[in-house]
Amino acid sequence: MVQSPAPFAARFRMPQNLGSLLPGFSVALVIGIAAQFLSDHYGAPAMLMALLLGIAFHFLAEEGRCVPGINVTARTVLRFGVALLGARISVDLLIGLGAPLIVLTIAGVVLTILFGLIGARLLGRGWRFALLTGGSVAICGASAAMAIAAVLPKNEHSESNLIFTVLSVTVLSTIAMIVYPLVTTLAGLDPLATGVFLGGTIHDVAQVVGAGFSVSEETGETATLVKLIRVTMLAPVVLCFALAIRARGQTGETAEARPPLIPGFVLAFLALAALNSIGVVPAAVSDFLGDLSRWALLVAIAAVGMKTALRTILDVGGQAIVLIVAETVFLAVFILIGLHWLT
């Protein structure tokens, strides 16, 4: 028997009175603006600043008028931001790089996730944490972490695992932005290979751009291109995770509350990418949607920070640090070996 779809409000858990969301959303927005100010004036990663500032306001998520807005911002605004990432993707990106380097980039994504699953089993960590850290390292850092967290079954560790992952990939990405250009010099890579290495290994887009253009214009453009190809893997990876979780009956939801077969934000991501690929989306609109996506994710991560007590991050454990560092090193070594083999 086919069940009727859940009402929109129930599916996204949105209170009927949208005015009740305003206080919590407004606080998250102010924190996001403050984080961007710190990033613009002091060079600190905006995502990291939003997360840390959000954690400082955790008391607002415990009780009071801000709670509904914080909850919806951390969930729905997050998915909205991920969906808009599709406006930055086009098929032309893939054609411009060439088949061998595309295959290397995609292989790096897939193998890093598999490495995370194996490493998590050896270290006694759960598969949820493996997919979360492996996917964030392999694809696009904090944005991937939030997208993957949106489809993983929830348990008592979900929020602390997400916060830990976002913090870790942001810090590791910042370190990589400084260290990896030196690695490429020691490895004797040419400007093209250097761009592929930086774009194929650094977690967050901003740090990829920073590292690439600190070397040269050509390296920066190549690094950004490769990074966006990794971002295109976000939708299929999240879709595969969602389908596998659903097939194994591990959604953690009742039959009536079960999420849709394909998450709506994944469909929106794919639709925007398709429209952008066929030239329907003007460049100005694409740039606007990309900026809107970045702001939505910034505000959402501030809300996620507010929902998390600092003490819960400390409970994640040393094995988690070992795992996410090992995933980062694995990806870097794999891409470096692949470049030496291909060039």
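Which helix does A120 lie in? A120 lies in helix 6, residues 99-123, where helices are DSSP runs of H or I with at least four residues (strands are E runs of at least two), numbered from the N terminus. The model here is predicted, so local features need pLDDT of at least 70 and side-chain atom pairs count only at pLDDT 80 or more, while totals for chains, interfaces and linings use all residues. Residues are numbered from 1 along each chain as its sequence is written, and side-chain values use heavy atoms, with hydrogens and water left out.

Back to A120, then. With 1% relative accessibility, A120 counts as buried; buried means under 20% relative accessible area, exposed means over 50%, and partly exposed is in between, using a 1.4 Å probe and protein chains only. A120 and L323 sit 203 residues apart along the chain, yet their C-alpha atoms are separated by 6.8 Å. Another buried residue is A145, with a relative accessible area of 0%. A145 belongs to helix 8, residues 142-149, and its C-alpha is 9.0 Å from that of L131, 14 residues away in sequence.

Helix 9 turns up in two helix pairs. Helix 9 (residues 158-187) packs with helix 17 at an angle of about 30°, and the two axes are 11 Å apart. Axes here are lines fitted to C-alpha atoms, for helices over the stretch in contact, and angles run from 0 to 180 degrees between N-to-C directions. That angle makes helix 9 roughly parallel to helix 17, given that angles under 35 degrees count as roughly parallel, over 145 as roughly antiparallel, 65 to 115 as roughly perpendicular and the rest as oblique. The crossing of helix 9 and helix 17 is right-handed, a label used if the near helix is turned clockwise from the far one by less than a right angle, with anticlockwise giving left-handed. As for the other pair, helix 7 (residues 127-138) meets helix 9 at about 25°, with axes 10 Å apart. Helix 7 and helix 9 are therefore roughly parallel as well, and their crossing is right-handed.

Helix 9 also holds I175, which counts as partly exposed at 46% relative accessibility. I175 and I202 are 27 residues apart in sequence and 9.3 Å apart in space, going from C-alpha to C-alpha. A 9.3 Å C-alpha separation also applies to S214 and M177, which are 37 residues apart along the chain. S214 is in helix 11, residues 205-215, and at 52% relative accessibility S214 counts as exposed.

Now for charges. Side chains of opposite charge can pair when their charged atoms come close. The count comes to one salt bridge, meaning a side-chain nitrogen of Lys or Arg within 4 Å of a carboxyl oxygen of Asp or Glu. The partners are K307 and E159, at 3.1 Å from N to O. This pair links distant parts of the chain, 148 residues apart: K307 is in the loop between helix 15 (283-306) and helix 16 (310-314), and E159 is in helix 9. K307 is partly exposed at 25% relative accessibility, and E159 is partly exposed at 35%.

Finally, the surface. I321, V325, V329, V333 and I337 make up a nonpolar patch with about 410 Å² of accessible area together. Patches are made of residues with over 30% relative accessible area and no salt bridge, joining like charges within 9 Å and nonpolar side chains (Val, Leu, Ile, Met, Phe, Trp, Tyr) within 5 Å. The areas come from the Shrake-Rupley method with a 1.4 Å probe, and for residues only the protein chains shown count as cover. I337 has its place in helix 17, residues 318-342, and counts as exposed at 55% relative accessibility.
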